[in-house]
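Subject: Structure handover

Dear colleague,

Here is the structure for your files. My notes on it follow below.

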Amino acid sequence: MTTTDYDVVVAGAGPVGLFLGCELRLGGARVLVVERLTEVDETIKAGSINTPSAVAFYRRGLLPELAAVWEKILSGLRAFAQTRGDGGEPRLPPKFAGHFAGIMMSTDLFDDSDPAFADVGPAGEAGLGVPQAELERILAAHAEKLGVEVRRGVELTGFADDGGGVTVTLAPADGSAPEEVRAGWLVGCDGGRSTVRKLAGFDFPGTPPEITGYQAVVDMTGAERLGTGWNTTDTGTYVNGPFPGRVLTVEFDGPPADRFAPVTKEELQAALRRVSGVPEVTVHKVRSLTRFTDNARQATTYRKGRVLLAGDAAHVHSPFGGQGLNLGVGDAMNLGWKLAAVVRGRAPETLLDSYTAERHPIGAWVLDWTRAQIALMRPDRHARALRRVVTDLALTTTGTTYLVKQISGVWQHYDLPGDHLLTGHSAPDLELADGTRLGDRLHTGRALLLDLTDDPELRARADGYAGLVDVVTTTCPARPDLAALLVRPDGFVAWASDGGRGDSGTSLAEALERWFGAAALPA
């Protein structure tokens, strides 16, 4: 066995693992990302990203790549529309479109003047329907550009945390000899059945599954007998669309007898016939197929010693609402800069305590959000009665706007020290007098001290944080009330001031030390 040294080994090269690898590399860490699969998994999975995820991509300069994929998808929709002979214009998903347990939101009732949707910037206009496989390709290219080492066809089979580092055992898929890799830290981004989580012994409590669901893209006949969109029946729920051959079924008959058994065409067809009540529907070819449940569990902590969890390795739930991928991207954005700072010796290990403290409540909220949808989808009379009441509430301006705010993720914030209204919230994407936007200034992965009043004393407090905090002096004509902002590398406001009121300069010094360690002494 050979030994190679890295600061961090990341297990899993899905979107979360790749995003984390990029964040670590931006922070100066030597990182290795390993993935069991040899190619990007094309299985139908997440098909949308929410506002915080779009903003995260924007803040790293990746919005053009997202836009290019979205435009390609729109081109395909337009081509399909032309084959229908309806003028060539597709029925495009509206901004912040979504559903709650299959109750579709009416955009006519959505109040987009709600302050929660303000100051998002160009990311708010980005296409949200980007498949997970495309996100992986975008992030893989970004990782390569940054110099992240990614090894595919390599599986983590074991590790030992000795308190001073982690020795990781990697087994190549080609059957060659296993390798031992020495790293300072290990992060499990290896999915809901995480090997890292299990071997490390993380507690993983939650609620057991009560459904079996299938999501697929198929060639089939008899589809004309199926209802379009979301359909509730006496035996469950099925979805037909939004494009030909895409189907989803949900049955409340408990989890599959063998969740590790390969899912088959016959299994899907039988479920679709049972739920839809259409015995004529026949699946001839499967292009993509996955099986899922509503197993909802969350690790009690995201760190044990030198082992951490992110994404589905830290929390699992049903896929309704498309929250899983977005939750994982938020984990990676939060953890990456913190772990890189610890690795570089610029922050104490206690900084990592804020990872669980900040991300665990959001994960818990997502689990409950998906549980609530399962409750509304049950086929019993009590659930159907409740569903009718919730539908009535949802189809009001207040109800629609509330649900869209939750789905879009614009409500997310962290409980950070400070009394300014912006502290702990995602930074507004301010349009600056020099022609740039705040988000443009975060591409480097460093923090940002934005001085909007040309205050030399304020800037002097950032002395000693070179390479960690970028200082920009400019103005923001649209927000004359703001005097200064300290924005963390993940884009969240750590400190803010309105000049004569709000957090004091002493608080800025405290915020700098809290998040970026003690200032370096002058040479």
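Over which residues does pLDDT stay under 50, and how many contacts beyond four places in sequence does the model have for them? The stretch is residues 90-96, and the model has 17 such contacts for it. This is a predicted model, and where pLDDT is low, the predicted coordinates should not be read in detail. For the chain as a whole, pLDDT averages 91, and 93% of the residues score at least 70.

Next, a helix pair. Helix α1 covers residues 15-26 and helix α7 covers residues 323-343; their axes come within 8 Å and cross at roughly 25°. Angles under 35 degrees count as roughly parallel, and α1 and α7 are therefore roughly parallel to each other. The crossing of α1 past α7 is right-handed.

On the α1 side, the contact is made by Pro15, Val16, Phe19, Leu20, Glu23 and Leu24. Their partners in α7 are Leu325, Gly328, Val329, Ala332, Met333, Leu335, Gly336, Leu339 and Ala340. By type, the residues of this contact comprise 12 nonpolar, 2 polar and 1 charged.

Last, the aromatic rings. There are 11 aromatic pairs in the structure. One of them joins Phe100 and Trp369: the ring centres are 4.7 Å apart and the planes stand at 55°, so the pair is tilted. Phe100 belongs to strand β3 (residues 99-100) and Trp369 to helix α8 (residues 353-377), so that the pair links parts of the chain that are distant, 269 residues apart.

Regards

Definitions and conventions:
Residues numbered from 1 in each chain as written. Predicted model: local features only at pLDDT ≥ 70, side-chain atom pairs only at ≥ 80, totals over all residues. Heavy atoms only, no water. Axes fitted to C-alpha atoms, helices over the stretch in contact; angles between N-to-C directions. Helix = DSSP H or I, 4+ residues; strand = E, 2+ residues; numbered from the N terminus. Parallel < 35°, antiparallel > 145°, perpendicular 65-115°, else oblique. Left-handed = near helix turned anticlockwise from the far one by under 90°. Contact = heavy atoms within 4.5 Å. Nonpolar A, V, L, I, M, F, W, Y, C, P; charged D, E, K, R; others polar. pLDDT = per-residue confidence, 0-100. Phe/Tyr/Trp six-rings, centres within 6.5 Å; stacked < 30°, edge-to-face > 60°.
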